[in-house]
Amino acid sequence: MSTPPAAGAGGGGAGAPGAPGGAASPAAGPAAPAGSPGSAGPAGSGPAGSAAPAGGGDGGAGQPMPGAGQPTAAAPPDNSVGAGGSASQATARAGAGSLRAGLLRSAWGRIGGDVFDGDKIVINVGEDRRLVLRTLPAQAVETVRHTFQAPPRWDDVVADAWQRRSVVLRGPAGSGKHAAAVRLLLAAQAKRFYQLDSVAELVQLNDLRQLGSGAGLLVDRPADLDELRGPQLDGLEDLLLHADAHLVLIAGPETDLGRGVGEYVQRIARPDVLADVLRAHLFHRLGDDDAEGALTAGGIGDLAEELLDAAAACRDAARLAEVLAHEHGGGAIDPDRVRARMDHTGGEGPEEWFEGLGETGLRTQAIALAVLGGLPQEHVAMGASALLDRFRSERGVLKTTEETGPVPLRQDPFSQSRRLLAEKLRARTVATLTLGDFGWLPCTVAEYRNPDYPARIIRHVWSEYRIQDELIGWLGELVDRRSQQVRSYAGTALGLIATESFEYVATQVFPDWVRDQATGYLRREAVAYALRVCLRRPALRPGVRGLVERWYMSTDWEFEAAAARAYGLCLGGTDLSGAVLALTRLGTVDHIQVAIEIGDAFADLLEEDVDAYAGVVLRAIAEMSHESASRPSGHLVFLMLANLLVTDEPGTAGGRRSRPTLLRLAADAPPGHELRRLLGYLWAEVINGELFADEAGGVLEAWAARAEADPQLLDDIVRVLVEDVAARGPRAALLLERYARHWTDRDRFRPLPRTAAVLGAALKAAASTQSGGAR
């Protein structure tokens, strides 16, 4: 049985299944899983599931036996699934799986330049194969609706474009192609807007009726656009027609289009006057009176004419409107301050700009901003300092991997203010809300003004400078800091690097990260993030699959654990049944860390589309729990999912509430539904089991704590536990009653009298009804 935490850290107690009073309360924040310093996790043992030969050592004849005068060898750590306190830590990370999914989407939106990273919808494209489409945020669509300024010949473009259901939109840089694409879809009466990432995803479509009538599909400058052919677009025409859908592909001016695609091309020009774009955006942000006041403020007319010259782009006009609106909200508009906040690139790309920075301190700041931009500014500053340290030697000069400039061992922290530094880095700081361990909280984030900068700077410094070792070491250091926010961004940045040098990263970086003895569990997670980015490149998908399959077939538990994370985060979206089967078979490996990472993998998989995947995943876990070889892993995985996943939804009085996702699935399903039967079976299994009775009590208590002040959630819990769990047998009902009774013990740090009373009364009433029926 797993060892419960000490009472002062959340409660301790009896170890028997019938004594749930010692169930551990979930920790306030995520605890370090097995394998972390100070935990009872893996300590670099041999192949997963293998036992040490009798007699120790190689077990061969002639081995010396411990005796007088000989030191006795320390017993190897017990890494079996039910041993130690790692399971308690793994099941006490409330909401960590849902937090991880949200941060990964945010990281790709920042580093990958995917500004329109909205909600998702999953459609079936074949047996056990699904495709994830992201919805364009309604606010972005409404901004285009109200601010779009038609370029020359726009009416002709609209009329010609929709002779068919597909159009390829081309135009010079800065002509506002993204806004024009959305406006084209609006002109086609699109009601819902979805974005795909690649031509490879586009050609997988075989049925769009799941999206409903009036869908607008957008593919914005995909990396594999040169692979598109006219016959592929021809083949989509009937599909789009029957679904009443329209498609716009955006092509950059430099892209070579394939055979037959030219028939679908419509070209747009840059608007004649960007001042009209500026006015439209400013009026949308401020309203008529305030916008007019901002435009007529002293010096602003001349400044707008200066900034929106012939080399400017539509996005520069939108950016100037944003700055003017912000300055107007703060009082009088200072033209010099507006000029300082605007990005004067002079047509210079981020690569050339980076070359001209010169000073190593500024360059490390620029790299940190590329990797961590969009996070609280403290993380960016910390990351920049850590990277700069890697280029110092004991003499205070650069290491030999760089050619220029001394780096002092100490720097004056007051040498330049945040505002001046942001101006030099073409960056900005924004007061906003960010997602972290404690939900959405206000903070000040640092980011590049131009969303194209992060990816281009990361690729540039990786390929153009001899600092590969320093970059990889620095990313590893960021991952090791145990901040879920920072780890998500660092792993995504590593994935961007891997898309440039997959063979090198896969053979020289990933193995050391996977087997790291101190923080391997964190680095394996980051490796999975990186592989997730690589899967966006169709040419790399066979390599990713081959690498993960090699890890899966390994006999080293570290690689098996890494394979588990990859199946959950990467491969499940394209081959659900294959990923679930692999995770189920890995459940037979008797290693606690492998079991924990299977649980995290299933959580990652469910976060892709919980409503579509829940039945498949829960059936697999039920099968694991039914087989003796994988029963311990199945029990632990279920308890992890019960606590890792939460659903955020509107609450009363305009507020927000969160429900455990598995509880939501059961509560929203009718009596007798398969999901309720599966959840009832799995809860009864873990409660009646001998390995994780304490952990089961801890997760139940976490559910109960959420319901103590939420009558609707309390009703859900009582209904599911009484109708689906207690009904499976008198022992399960008795144990649930004992758990509830101990929630009001005098030594409880967090007593739950209301939940305990309501659940206890419902269990007694159900037992009385059943016994009366029996008579």
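**H19 and H21**

I began with helix H19 (residues 484-500) and helix H21 in this predicted model. Their axes lie 7 Å apart and the angle between them is about 50 degrees. That angle makes H19 oblique to H21. I noted the crossing of H19 past H21 as right-handed.

I then listed who meets whom. From H19 I have Gln484, Arg487, Ser488, Gly491, Thr492, Leu494, Gly495, Leu496, Ala498 and Thr499. Facing them in H21 are Leu522, Glu525, Ala526, Tyr529, Ala530, Val533 and Cys534. Sorted by class, the residues of this contact come to nine nonpolar, six polar and two charged.

**H21 and H25**

I stayed with H21 (residues 520-534) and looked up its packing with helix H25 (residues 592-608). I get an angle of about 35 degrees here, with 12 Å between the axes. H21 passes H25 in a right-handed crossing. On the H21 side I wrote down Tyr521, Arg524 and Arg532, and on the H25 side Gln593, Glu597 and Glu608. By class I count one nonpolar, one polar and four charged residues in the contact of H21 with H25.

**H14 and H17**

Next I took helix H14 (residues 360-372) with helix H17 (residues 453-464). They pack at about 125 degrees, and their axes are 8 Å apart. The crossing of H14 past H17 is left-handed.

H14 contributes Ala366, Ile367, Ala370 and Val371 to the contact, and H17 contributes Pro454, Ile457, Ile458 and Val461. I find eight nonpolar residues in the contact of H14 with H17, and no polar or charged ones.

**H5 and its cover**

I asked how many residues of helix H5 (residues 177-187) are buried. Eight of the 11 are, so H5 is largely enclosed by the rest of the structure. I listed these as Lys177, His178, Ala180, Ala181, Val182, Leu184, Leu185 and Leu186.

I also looked up what covers them. The cover includes helices H3 (138-147) and H4 (154-161). It also includes strands S3 (166-170), S4 (192-196), S5 (215-220) and S6 (246-251). After H5 comes Gln189, and I noted its phi as positive, near 65 degrees.

I picked Val277 in helix H8 (residues 274-286). Is Val277 buried or exposed? It is buried, because its relative accessible area is 6% and the cut-off for buried is under 20%. Leaving aside neighbours within four places in sequence, I find Val277 in contact with Gln149, Pro271, Cys314 and Ala317. Val277 and Ala317 are 40 residues apart in sequence, yet their C-alpha atoms are 6.1 Å apart in space.

I have His281 as buried, with a relative accessible area of 14%. Beyond four places in sequence, the contacts of His281 are Thr143, Thr147, Ala318 and Ala321.

**Glu327**

I placed Glu327 in helix H11 (residues 314-329). Glu327 is buried, at a relative accessible area of 6%. I also checked Glu327 against Arg337: they are 10 residues apart along the chain, and their C-alpha atoms are separated by 8.6 Å.

**Arg428**

I found Arg428 in strand S8 (residues 427-436). Arg428 is buried, with a relative accessible area of 16%. Which side chains make polar contacts with the side chain of Arg428? One is that of Glu322, at 2.6 Å. Another is that of Glu447, at 2.8 Å. Setting aside neighbours within four places in sequence, I list the contacts of Arg428 as Arg319, Glu322, Ala422, Val445, Ala446, Glu447, Tyr448 and Arg449.

**Whole chain**

I noted 33 helices and 11 strands. Of the 775 residues, 54% are buried. Among contacts with a separation of 6 or more, 72% are between residues 24 or more positions apart.

How values were computed: Residues numbered from 1 in each chain as written. Predicted model: local features only at pLDDT ≥ 70, side-chain atom pairs only at ≥ 80, totals over all residues. Heavy atoms only, no water. Helix = DSSP H or I, 4+ residues; strand = E, 2+ residues; numbered from the N terminus. Buried < 20%, exposed > 50% of the residue type's maximum accessible area, 1.4 Å probe, protein only. Contact = heavy atoms within 4.5 Å. Axes fitted to C-alpha atoms, helices over the stretch in contact; angles between N-to-C directions. Left-handed = near helix turned anticlockwise from the far one by under 90°. Nonpolar A, V, L, I, M, F, W, Y, C, P; charged D, E, K, R; others polar. Polar contact = N/O pair within 3.5 Å; in protein donor to acceptor, adjacent residues only side chain to side chain. Parallel < 35°, antiparallel > 145°, perpendicular 65-115°, else oblique.
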